[in-house]
Amino acid sequence: MMIVNGFEFKSGAEELSSLALAYIGDSVFEIYARSYVLSLGNRSVDKINSEVRNIVNAHSQSEMYHKLEPFLTEEEFKIMKRGRNANSHTMAKNQSAGDYRRATGLEALFGRLYIEGKTERLTELFKLGIKKEKGDENG
C-alpha cells in the first residue's frame with residue numbers, strides 16, 4: 001500500500017497496468033511541458049498553449065522516447081517498453097500508430113516515476129528529452 005498526493009493506493013505501482021500508468025503519466029508529462037514553456041518567459045497564453053502542443057503530442061513524445069533510451073535504467077526501459085506494447089484501443093488523430101505507441105510508453109514511464117515519488121528522476125529525464133541539439137532554437 002502507498003499514498004500519492006493524499007490518496008491511498010491499494011496496490012503498488014508495479015501492479016498497475018501500463019495503460020493506467022500512461023493515463024496518469026499523460027497529465028504528469030503535460031505539467032512538465034507547461035512548466036518548461038512558462039520557464040522560457042512570459043508570452044500570450046495562445047503562444048504558450050501552441051508551444052505546449054508542440055511538445056505534448058505523439059510525434060514529439062515518440063522522439064523523446066528514442067532520445068531517452070540511452071539514459072534509462074534497465075527497469076525504466078522495461079516500463080517504457082511495456083507501455084509501448086500495451087494494447088490500447090484508441091489512437092491519436094493525425095499521428096502514426098508507431099508514434100502513438102512510443103508516446104504511450106513514455107507516458108507509462110512518467111506515470112510510474114510519479115506514483116513512486118521519483119520527481120527528481122522525472123525532472124532529469126524531462127530535461128534530457130526536451131534539450132535541443134546544438135544549433136536548434138530554445139536549446
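Reader: Which helices each supply at least two residues of the lining of the largest pocket?
Author: In this predicted model, local features need pLDDT of at least 70 and side-chain atom pairs 80 or more, while totals for chains, interfaces and linings use all residues. Residues are numbered from 1 along each chain, and side-chain values use heavy atoms, without hydrogens or water. A pocket is an open set of 1 Å grid points that fit a 1.4 Å probe, with protein on both sides within 12 Å along at least five of seven lines, and lining residues have an atom within 4 Å of a point. Among DSSP helices (H or I, at least four residues), the contributors of at least two lining residues each are α1, α2, α3 and α6.

Reader: Which helix gives the most to that lining?
Author: The lining of the largest pocket comprises 17 residues, and those closest to its centre include Asn54, Ile55 and Ser60. Five lining residues come from the helix that gives the most, namely α3.

Reader: Within what arc do the buried residues of α2 fall?
Author: Helix α2 spans residues 45–55, and Ile48, Glu51, Val52 and Ile55 are buried in it (under 20% relative accessible area; exposed is over 50%). Seen down the axis of α2, these buried residues line one face of the helix because their directions fall within an arc of 100°.

Reader: Which exposed residues does the opposite face of α2 carry?
Author: The buried residues of α2 pack against α1 (18–39), α3 (58–68) and α6 (119–130), with contact meaning heavy atoms within 4.5 Å. The face of α2 turned away from this buried side carries the exposed residues Asp46 and Asn54.

Reader: How far apart in sequence are the parts tied together by the pair of phenylalanine 29 and phenylalanine 110?
Author: The structure holds five aromatic pairs (ring centres within 6.5 Å; planes under 30 degrees apart are stacked, over 60 edge-to-face, the rest tilted). Phenylalanine 29 and phenylalanine 110 are edge-to-face, at 5.3 Å centre to centre and 65° between the planes. Because phenylalanine 29 lies in α1 and phenylalanine 110 in α5 (residues 97–115), the pair ties together parts whose separation in sequence is 81 residues.

Reader: Is phenylalanine 110 buried or exposed?
Author: The relative accessibility of phenylalanine 110 is 0%, so this residue counts as buried.

Reader: Which residues form the aromatic cluster?
Author: Tyrosine 32 and phenylalanine 110 form a further edge-to-face pair, with 6.3 Å centre to centre and 85° between the planes. This pair links α1 to α5 across 78 residues, and tyrosine 32 is buried at 17%. One aromatic cluster is formed by Phe29, Tyr32, Tyr36, Phe110 and Phe126.

Definitions and conventions: Buried < 20%, exposed > 50% of the residue type's maximum accessible area, 1.4 Å probe, protein only. Arc of directions from axis to C-beta. Phe/Tyr/Trp six-rings, centres within 6.5 Å; stacked < 30°, edge-to-face > 60°.
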